[in-house]
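Notebook open. I want to look up the pockets first, then the sheet.

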Amino acid sequence: MPERPLHISLVPMLKDNYAYLLHCYDTGATAIVDPSEAEPALQAGRRMDWRPTHVLDTHHHNDHCGGNLGIKEKTGAKVVGPAYDKDRIPGIDIPVDEESGFTFGAHPARVLFIPGHTKGHIAFYFPDSKALFCGDTLFSYGCGRMFEGTPEMMWNSLLKLRALPDDTQVYCGHEYTEANLRFAVDADPGNDGLWRRQAEVQRIRAEGKPTIPATLGEEKKLNPFLRADQPELKKRFGGEERPNHEIFGALRAAKDKF
Ligand code: ZN
Ligand code: FE
């Protein structure tokens with residue numbers, strides 16, 4: 001077991017992307033998760049005097065791996081990404097899946113296969129640091145669009161994330177929290193916690209601060225996309241007798257039009 005949990009800090013990129021700087025104090029290993037671009041990632045490393053040894057990619061979209069080659073060129077970092085999409089991840093060195101998992105420094109990560117946003121999307125979950133890096137699958141009070149997958153795929157992926165412990169910190173790919181809450185209060189108006197949280201989030205964003213990480217336990221209570229199997233939402237989005245993934249699909253379609 002590592003002596004200390006991972007260092008994790010946010011590295012904002014582009015308009016609303018979050019990459020993350022990870023550091024293992026036991027071994028000195030340093031990673032950038034989902035770098036849209038190389039320069040801000042390299043700068044974040046330099047500020048701490050840490051040289052990136054790894055890049056971790058959750059999926060093939062350019063706003064999550066556009067920085068791979070630049071970081072590799074400057075540091076020799078190894079690129080770790082979904083085996084399923086190894087042909088679409090620039091510069092991939094270490095393809096991973098649920099079977100292989102991945103150990104970063106002294107920290108073993110579970111790799112979770114969570115297709116839906118893309119067909120090969122993965123998450124990295126570090127139990128010893130209670131940290132989940134889930135790219136564009138789960139957002140705070142929202143979820144990603146289904147560009148390549150079906151509602152059934154995406155719903156099963158969200159169930160896999162929902163099964164993790166409540167005290168898991170959720171490090172997602174974008175700052176979409178405020179817009180997600182506008183839809184969430186509309187979709188699930190009886191869920192009182194949403195109104196309280198909306199006021200808080202508006203204040204945090206007005207101060208220009210991030211709302212990430214989110215806490216998974218809180219998401220389980222408030223995120224409508226993790227609650228598509230709850231009676232209130234089933235009633236509003238298709239009816240008790242419909243399968244949960246169809247309710248989820250109707251909810252996602254409503255968000256697309258919102
Ligand atoms: Zn994406
Ligand atoms: Fe993205």
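For pockets I work on a 1 Å grid over the protein atoms alone: a pocket is an open set of points where a 1.4 Å probe fits, with protein on both sides within 12 Å along at least five of seven lines, and lining residues have an atom within 4 Å of a point. A volume is the space filled by probe spheres set on the points, which are joined across faces, edges and corners. This is a predicted model, with local features needing pLDDT of at least 70 and side-chain atom pairs pLDDT 80 or more, while totals for linings use all residues. Residues are numbered from 1 along each chain as its sequence is written.

Largest pocket: I get about 260 Å³. Of its 17 lining residues, Phe139, Cys143, Gly144, Arg145 and Tyr176 are the closest to the centre. β12 (142-143), α5 (177-187) and α9 (244-257) each give two or more residues; helices (H or I, at least four residues) and strands (E, at least two) are DSSP runs, numbered from the N terminus.

Second largest pocket: about 150 Å³ here. Its lining includes Tyr176, Arg182 and Arg205. α5 supplies the largest share, 3 residues.

Next, the sheet. I find it open, with 6 strands in the order β1-β2-β3-β4-β5-β6 and mixed pairing (two strands pair if DSSP finds at least two bridges between them). β1 and β6 (92-96) are the edge strands. β1 and β2 run antiparallel, joined by 7 bridges. I also noted that Ser9 has Leu21 in β2 as its bridge partner.

Technical notes:
Chains lettered and ligands numbered in written order. Heavy atoms only, no water.
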